Amino acid sequence: MSISPHINYATSPLEYKHWTMSFDGSVATLTMNVNEDGGLKEGYKLKLNSYDLGVDIELNDAVQRIRFEHPEIRTVVLTSGKDRIFCSGANIFMLGKSTHAWKVNFCKFTNETRNGLEDSSRYSGLKFIAAVNGACAGGGYELAAACDEIILVDDRASSVSLPEVPLLGVLPGTGGLTRLTDKRRVRHDLADIFCTTSEGVRGQRAKDWRLVDEIATPAQFQQTVRARALALAETSDRPSSGTGVRLTPLERTVTDTSVQYQFVRVELDRAARNATLTVHGPSAAQPTEISAIEAAGIHWWPLQLARELDDAILHLRTNEPELGTWVLKTRGNSELVLASDATLVEHQSHWLVRETIGFLRRTLARLDVTSRSLIALIDQDSCFAGTLLEIALAADRNYMLSVRNESSTAPFITLSEMNFSGLPMVTKQSRIARRFYDDHDEIAAVSAVKGQPIHADQALALGLITANPDELDWADETRMVLEERASMSPDALTGLEANLRFNGPETMETRIFGRLTAWQNWIFIRPNAVGEGGALKVYGSGNKAKFDFNRV
């Protein structure tokens with residue numbers, strides 16, 4: 001299956017083919033009813049509530065709309081509109097026909113969507129229940145496991161399962177193994193049985209093994225789900241009323257050489273195999289009071305920035321796989337960015353500000369786990385301040401132009417409180433803490449200059465940049481960096497970057513992405529999975545998989 005150009009991550013409820021939303025007080029229900037003929041690509045049918053990227057794009061959009069358009073919602077119930085089937089997971093025929101890169105990036109996006117549910121529960125008080133009203137397999141169970149609670153109908157037929165190993169010769173691709181151990185704490189021998197048995201686990205045994213939180217008979221199922229949804233809602237501090245922000249479509253222009261938004265511009269250099277992302281600060285002072293922030297809505301700079309940068313990252317990851325290096329730049333007025341950051345910190349407990357910070361956090365985390373080389377260039381007219389400085393701190397390397405005598409044209413960077421506490425990575429560290437391995441003295445030295453303009457020589461001395469070429473060397477040195485990067489093996493760079501970017505404490509999220517990058521990435525190219533007789537290739541054909549039984 002070839003990748004069509006310009007997969008679009010923008011959608012709306014009026015365009016949904018696979019999900020419906022309903023609202024009842026503090027509880028929203030997302031009902032999955034996949035249209036068999038509504039696949040993103042041709043050549044497969046989405047039977048049994050199986051999903052492809054298009055289904056997950058809608059789920060991501062629906063959750064985002066609940067976050068911003070419905071502040072009164074405190075609990076989201078995910079369930080199925082089909083009889084006796086909750087979700088059978090990722091569509092196997094889609095995977096069997098996909099390129100390797102498509103499979104891996106599909107898994108990455110579904111991981112990010114599910115991690116986003118847990119992020120909202122952790123930081124924003126938006127809770128999730130999986131109301132499993134039928135068979136729940138593979139990625140369907142992984143979706144359920146990303147929720148705060150799983151309630152399984154006890155009808156003697158419905159079960160939960162992770163059958164990827166016995167049926168497909170691959171691993172669960174969306175964090176299933178990690179959540180079994182790290183989140184649900186399923187005993188490892190029981191987890192071993194669960195993951196090597198295709199028929200699944202039902203009823204009381206599923207609860208006893210901690211695979212689900214509660215079971216309920218068909219007659220009591222809806223009542224049980226409703227009671228638990230209301231109980232979870234009581235633990236949330238999202239407002240019982242509030243003015244939501246309608247997420248109207250982004251304005252963007254896509255050409256063969258660029259992608260243009262209001263605050264983000266992407267320039268594509270196919271000959272050099274790189275893309276330059278230039279992120280702009282606000283063009284005017286931003287509102288500082290909640291009423292004015294609510295009135296600005298999607299045009300409030302931090303929120304619009306998050307939406308545009310998130311869309312640009314997803315567009316490049318999916319549609320431009322050969323542009324292996326991203327050059328990160330900024331433009332704008334640092335004082336306006338720092339003032340915006342101060343507003344974020346001051347009002348961080350307000351639901352809309354908190355959700356905006358969450359959107360920025362998840363977008364920057366998406367940048368962290370992107371399998372592209374990230375090189376930040378801090379040159380004249382740069383605006384790497386506060387929240388925008390996080391882009392440079394996320395980079396594999398950052399180069400800063402040194403202008404002698406630090407004239408008025410010399411670039412500078414500026415730290416704000418957001419760099420220390422507002423936008424943690426999936427390691428739960430700030431990028432400053434990651435950079436300095438949590439060393440107290442080094443972090444204190446950087447914190448001491450918070451709010452002050454830091455020029456190249458001082459930034460180098462503090463360890464905030466990689467190098468500070470002067471005006472004579474800048475063009476040649478940065479050119480050589482990009483050319484050298486483009487000459488290296490993309491596979492080796494992906495492994496290198498994934499190892500070096502996450503040098504801090506392991507978390508469930510880092511293990512999920514690490515295992516996807518390493519193990520699932522490797523298994524997806526092994527003959528036992530995708531060879532002519534591989535399990536993923538022959539699934540559904542009636543033929544038995546042919547394995548090379550040598551252990552590697």
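Seven aromatic pairs turn up in this predicted model, counting rings of Phe, Tyr and Trp (its six-membered ring) whose centres lie within 6.5 Å. Being a predicted model, it is read with limits: local features need pLDDT of at least 70, side-chain atom pairs count only at pLDDT 80 or more, and totals for chains, interfaces and linings use all residues. Residues are numbered from 1 along each chain as its sequence is written, and side-chain values use heavy atoms, with hydrogens and water left out.

**Aromatic pairs**

- Take Tyr51 and Phe106: their ring centres are 5.9 Å apart and their planes sit at 40°, so this pair is tilted. On the labels, planes under 30 degrees apart count as stacked, over 60 as edge-to-face and the rest as tilted.
- This pair ties together distant parts of the chain, with Tyr51 in strand E3 (residues 50-51) and Phe106 in helix H3, 55 residues apart. Helices (H or I, at least four residues) and strands (E, at least two) are DSSP runs, numbered from the N terminus.
- Tyr51 is buried at 2% relative accessibility, and Phe106 is buried at 3%. Here buried means under 20% relative accessible area, exposed means over 50%, and partly exposed is in between (1.4 Å probe, protein chains only).
- Phe68 and Phe359 have ring centres 6.0 Å apart and planes at 50°, so they make a tilted pair too.
- That pair also links distant parts of the chain: Phe68 belongs to helix H1 (residues 53-69) and Phe359 to helix H13 (residues 351-368), 291 residues apart.
- Phe68 comes out buried at 0% relative accessibility, and Phe359 is buried at 5%.

**Helix packing**

- As a general point, two packed helices are described by the angle between their axes and the distance between the axes.
- The axes of H1 and H13 come within 10 Å and cross at roughly 150°. Axes are lines fitted to C-alpha atoms, for helices over the stretch in contact, and angles run from 0 to 180 degrees between N-to-C directions.
- H1 and H13 are therefore roughly antiparallel. As for cut-offs, angles under 35 degrees count as roughly parallel, over 145 as roughly antiparallel, 65 to 115 as roughly perpendicular and the rest as oblique.
- On the H1 side, the contact uses Asn60, Gln64, Arg67 and Phe68, and on the H13 side Trp351, Leu352, Glu355, Thr356, Phe359, Arg362 and Arg366. Contact means heavy atoms within 4.5 Å.
- By type, the residues of the H1 and H13 contact divide into four nonpolar, three polar and four charged. Ala, Val, Leu, Ile, Met, Phe, Trp, Tyr, Cys and Pro count as nonpolar, Asp, Glu, Lys and Arg as charged, and the others, Gly among them, as polar.
- Helix H3 (residues 100-123) and helix H11 (residues 301-319) have axes that come within 10 Å and cross at roughly 155°, so H3 and H11 are roughly antiparallel.
- H3 brings Trp102, Asn105, Lys108, Phe109 and Glu112 to that contact, while H11 brings Leu314, Arg317 and Thr318. This set divides into three nonpolar, two polar and three charged.

**Charges over rings**

- Lys41 lies over the face of Trp102, at 4.5 Å from the ring centre. The rule asks for NZ of Lys or CZ of Arg within 6 Å of the ring centre and within 35 degrees of the ring normal.
- Lys450 has its charged end over the ring of Phe420, 5.3 Å from the centre.

**Two buried residues**

- Thr110 lies in helix H3 and is buried at 0% relative accessibility.
- Leaving aside neighbours within four places in sequence, Thr110 is in contact with Tyr51, Asp56 and Thr174.
- Cys195 is in helix H7 (residues 188-195) and counts as buried at 10% relative accessibility.
- With neighbours within four places in sequence left aside, Cys195 is in contact with Leu162, Val165, Pro166, Leu177 and Leu180.

**Positive phi**

- Most residues other than glycine have a negative phi.
- Arg210 has a positive phi, near 70°, and lies in the loop between helix H8 (203-208) and strand E12 (214-216). Arg210 is partly exposed, at 47% relative accessible area.
- Arg273 has a positive phi near 60°, in the loop between strand E15 (264-269) and strand E16 (274-280). Arg273 is partly exposed, at 36%.
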